[in-house]
Amino acid sequence: MADSLSVSGTSNPYVTQSYTAEANDRNTITMTGFFQLLATQLQNQDMTNPMDNSEIMNQMTQMAMVQSMTSMTDALKNVTTVNTQTYAAGLVGQEVTMAVTEENIYGVEEPVDVKYAKVEWVNFTSGNPTIKLEDDPKEYQLSHLVGMGRVPNPFKTEDAEGEDGEGDTDPVEGAGKPTDTDLEQDPEADLDMDLESENARTALI
């Protein structure tokens, strides 16, 4: 039997998600239940073909290993929870960079901007820690924390290079304007030009 079942997401039908059955009294067995089952099996076994002792020992060993792994998993979960709560509690009074999310067309929250503020308090009652910022009524998930201090906005789209820089250079003062020397005409140069023009017309005649 598979541990998880692949299903289509309700928010986004193109994203495959997994469903895992919750552990309960009907789909799990404890060590006490295993011994009760083993005792019932021994009581109702065929005397002409009794159970093999090695098979019984293998079953007991496997059950002990499963029980140990379950206890270890629970212990790791408790340690992770305590570490997460300790880390979240240390954020109180610190300036943080928090991601601001918006709901996309599929109904999934995605980060679009950041907010800089100090952490006012942390709430542990909802299971996962939620962070309350100063002057902000919204509670943010710990996963929305971008970093400590003022982290540059990683969600801001940068403009094309040179798009904002056009026309920034100041024109040289007086460029393209006629100078005083251009406006003032040299009389001698005009006389020479008139003589050359007269000589050209005489040569043509």
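## Asp136 and its loop

Asp136 sits in the loop that links strand E5 (130-133) to strand E6 (139-141); strands (E, at least two residues) are DSSP runs numbered from the N terminus. This is a predicted model, in which local features need pLDDT of at least 70, side-chain atom pairs count only at pLDDT 80 or more, and totals for chains, interfaces and linings use all residues. Residues are numbered from 1 along each chain as its sequence is written, and side-chain values use heavy atoms, with hydrogens and water left out.

Asp136 is buried but has no salt bridge. Buried means under 20% relative accessible area with a 1.4 Å probe, protein chains only, and a salt bridge is a side-chain nitrogen of Lys or Arg within 4 Å of a carboxyl oxygen of Asp or Glu. The nearest side chain of opposite charge, Lys115, is 4.1 Å away; Lys and Arg count as positive, Asp and Glu as negative, and His and the chain ends are not counted.

## The largest nonpolar core

Twelve residues form the largest nonpolar core, including Val96, Val119, Ile131 and Tyr140. Such a core is a set of buried Ala, Val, Leu, Ile, Met, Phe, Trp, Tyr and Cys residues joined through side-chain atoms within 4.5 Å. Strand E3 (95-103), strand E4 (109-123) and E5 each give two or more residues to this core, and E4 gives the most, with three.

## Thr101

Thr101 belongs to strand E3. Thr101 counts as buried because its relative accessibility is 12%.

Technical notes: Helix = DSSP H or I, 4+ residues; strand = E, 2+ residues; numbered from the N terminus. Buried < 20%, exposed > 50% of the residue type's maximum accessible area, 1.4 Å probe, protein only.
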